[in-house]
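Hello,

Here is the structure for you to look over. My notes follow below it.

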Amino acid sequence: MTQLIEYEDSSDEVRAVYDDIRATRKTDEINNFWKALANHPPTLQRTWQTVKEVMTNPGELDPLIRELIYIAVSVTNGCEYCIASHTSAAYAKGMSDNMFGELMVIVATANTTNRLANGYRIPVDERFKT
């Protein structure tokens, strides 16, 4: 199992990232995901900067929609950790149980039709090409 690097045991480089995570998320907690990546500080820094930019910068997609997309991709990829953490975040941002149920039906349907389209090697209709 990967060693989880606690704040007290971390280098100055890792502490700087942890401090930024805490400030950005307005929490004292550091998730195990970040603690695991802290075993390689450059990966921790790079990954945090990307996640921070994509999930918190202003844009056309509101924070809940971003979390729903993250859940959908995580379910499709089978990432238990990301499903759990982003489902928790989505509930905190206003997701209801019914929304979660609808999301799971969409994910399941999309995965089914994607596999059928790929398996049958269905050519894309000209009108859909842009």
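**The largest pocket**

The largest pocket has a volume of about 670 Å³. A pocket here is an open set of points on a 1 Å grid over the protein atoms alone, where a 1.4 Å probe fits, with protein on both sides within 12 Å along at least five of seven lines. The volume is the space filled by probe spheres set on the points, which are joined across faces, edges and corners.

This is a predicted model: local features need pLDDT of at least 70, side-chain atom pairs count only at pLDDT 80 or more, and totals for chains, interfaces and linings use all residues. Residues are numbered from 1 along each chain as its sequence is written, and side-chain values use heavy atoms, without hydrogens and water.

The pocket lining has 26 residues (each with an atom within 4 Å of a point). Arg25, Asn31, Glu67, His86 and Ala89 lie nearest the centre. α1 (12–25), α2 (32–37), α3 (41–56), α4 (63–77) and α5 (80–92) each give two or more residues to this lining. Helices are DSSP runs (H or I, at least four residues), numbered from the N terminus. α5 gives the largest share, 7 residues.

**α1 against α3**

The axes of α1 and α3 come within 9 Å and cross at roughly 15 degrees. Axes are lines fitted to C-alpha atoms over the stretch in contact, and angles run from 0 to 180 degrees between N-to-C directions. α1 is therefore roughly parallel to α3 (angles under 35 degrees count as such).

Regards

Conventions: Angles under 35 degrees count as roughly parallel, over 145 as roughly antiparallel, 65 to 115 as roughly perpendicular and the rest as oblique.
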